[in-house]
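Dear colleague,

I am handing over the structure below, together with some notes on what was found in it. Please read them with the model open beside you.

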Amino acid sequence: MSIILDKVNYVYSTGTAYEIQALKDINLTIEDGQFIGIIGHTGSGKSTLIQHLNGLVKATSGAIYFNGQDIYDEDYNMKELRTKVGLVFQYPEHQLFETTIFDDVCFGPKNQGLNKNEAGLRAFEALKSVGLPEALYYQSPFDLSGGQKRRVAIAGVLAMKPEVLILDEPTAGLDPKGRDEILDLIAKMHKEKNMTIILVSHSMEDVAKYVDRIIVMNDGQVMYDGLPREVFRHYKELEAVGLAAPQVTYLMHELQEKGIPVDMDATTVEEAKNSILKVMQSNS
Amino acid sequence: MGIIKASKLVHEYIRRDEEGNVESIQTAIDHVDIDVKAGDFIAVLGHNGSGKSTLAKHINALLEPSEGTLWVDGKDTKDPKNTYEIRRAAGMVFQNPDNQIIATVVEEDVGFGPENMGVPCEEIWTRVEESLKSVGMLKYRSHSPNKLSGGQKQRVAIAGVMAMEPKCIVLDEPTAMLDPNGRKEVLRAVHELNRKKGVTVILITHYMEEVVDADYVYVMDKGQVVMQGTPRSIFSQVEKLKEHRLDVPQITLLAHELKKSGLAIADGILTREELLEALEKLYHRKG
């Protein structure tokens, strides 16, 4: 079970003056159960890339295999792919439209062809897993807070029982607590349901804290692909393309420069703390 | 009195049913007192729904107080006669750059505000040029805004406000939709305006890192000002901020955690340089 991208190219507005190659020869293998972070500045090709993964955008050339099947085969069931690969767009709460929260979450499974009862069960389960209080289920989604609306929108995708969940900047515009809550929720789903998660984010701190693999996009190409500690080692190169490393990584490098032998690969507060404490203790 | 002064300001959102009976009342601002000195860089923190944006809309006279008074540049926002002048004195920049840009060419967008105010043509061009220069966007003056990055668009929006020559500019989460580079560009532009032109800045944000350089910080929760002070005094209260659904910059958090683990580090460390210095001292003293 995996997604394989083989030499995927995508060109916007082919044959016009605005022709832009958004993806250039992308080769990637996404294994089952991974938690992946995609980073890259605006216009680097992140969103185009994720839209390929559930067939919203068709590659200009190259192939994509989902669980061993070529998704561009004539008889490939694209509809099924879209339920297996759930995509949560940026500001997904803008897509809420039903009169009650429950109906909104039922929309996806109903569209999948499930009957009312089955869809209802799915909706219940999904709303429960995003931690929305039951008392709210039959209220209008528009009266919720920003963070709650976003949970409902995520539940709408979860109700389709995807195997892969892709989230495009799920924490944009949320307050710090709301940010942590959404990310903890995603991490929980990853752990408990062994769902493959692909997280597009502008926050290096969040990416470092949660994911186990980072893909850095730049100019339509994969610039780096590896463990957070490996990728953030290239903080100078990342800066050159409008990205950065987490603040603590910079601190660790600066400490090292001053002759304090800390672990330069630390990317989270926890790692940095442990390394600094260790060095301080062995020094005393 | 400062350029913005609120005295026991209250705002209630009142929902009515079809017959006009009151269905529910939500108090978004609850007896807020603030006093902002001209030329200051003020940050307002608070979680979603804490009342920050409602407060911002009051400063621009988009909303009228339910109780209490707000003066902008000495003018009471409750008096409709003042509305026009208040909006000239306090410009506003919103979260989504795409919702604020209306023209097809950057310089025309920036000129829209002063043109609306009846500024003579000659002067409009001077203002357009100057404000685009002040946000570092002059070379894009004849570009189409829809080809710009988020950070660039947001800087055009700021230039559009600057062209109206306000004394004060209110930015409501101007960087929420931007990538790290865009965020940096916008913040730099806002700080420049504050430093070089003496424009009073009210920055509403969720990013703790953006608050570090402010002169004064207000923290809002449930419509009330629950904390206020310099960034250092605010960020030295890590646990209290967390109670209000906020956090602290990553470096401050690391310093706090190290202190909790027994290292002799001061409270309220804000920058990498400060923490670096503290750790260096500690290391060499022991060694």
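In chain A, the residues A:I101, A:D104, A:V105, A:F107 and A:G108 of helix α3(A) meet A:V152, A:A155, A:G156 and A:V157 of helix α5(A), where two residues are in contact if their C-beta atoms, placed from the backbone, lie within 7 Å. By class, this contact of α3(A) with α5(A) has six nonpolar, two polar and one charged residues; Ala, Val, Leu, Ile, Met, Phe, Trp, Tyr, Cys and Pro count as nonpolar, Asp, Glu, Lys and Arg as charged, and the others, Gly among them, as polar. The axes of α3 (residues 101-111) and α5 (residues 146-158) of chain A come within 7 Å and cross at roughly 35°, the axes being lines fitted to C-alpha atoms, for helices over the stretch in contact, with angles that run from 0 to 180 degrees between N-to-C directions. The crossing of α3(A) and α5(A) is right-handed, a term used if the near helix is turned clockwise from the far one by less than a right angle, while anticlockwise is left-handed.

Before going on, please keep in mind that this is a predicted model, in which local features need pLDDT of at least 70 and side-chain atom pairs count only at pLDDT 80 or more, whereas totals for chains, interfaces and linings use all residues. Residues are numbered from 1 along each chain as its sequence is written, and chains are lettered from A and ligands numbered from 1 in the order in which they are written.

Taken as a whole, chain A has 11 helices and 10 strands, where helices (H or I, at least four residues) and strands (E, at least two) are DSSP runs, numbered from the N terminus. The radius of gyration of chain A is 21 Å, close to the 19 Å that the globule rule gives for 284 residues, so chain A is as compact as a globular protein of that length; this radius is taken over C-alpha atoms, and the rule is 2.2 Å times the number of residues to the power 0.38. Of the 284 residues in chain A, 46% are buried, meaning that 20 or more other C-beta atoms lie within 10 Å of the residue's own, while exposed stands for 12 or fewer and partly exposed for the range in between.

A:K7, found in strand β1 (residues 2-12) of chain A, has a positive phi of about 50° although it is not a glycine, and A:K7 is exposed, with 12 other C-beta atoms within 10 Å. A:Y91, in the loop between β6 (85-88) and α3 of chain A, has a positive phi near 45°, and counts as partly exposed with 18 C-beta neighbours inside 10 Å.

Turning to chain B, the buried residues of helix α3 (residues 106-116) include B:V106, B:V110 and B:P114, and the buried residues of α3(B) pack against α4 (121-134) and α5 (150-162) of chain B.

Finally, how many residues does the contact take from chain B and from chain A? The contact takes 32 residues from chain B and 35 residues from chain A, and α10(B) gives the most to the chain B side, with eight residues. That side of chain B has 14 nonpolar, 11 polar and seven charged residues.

With best wishes
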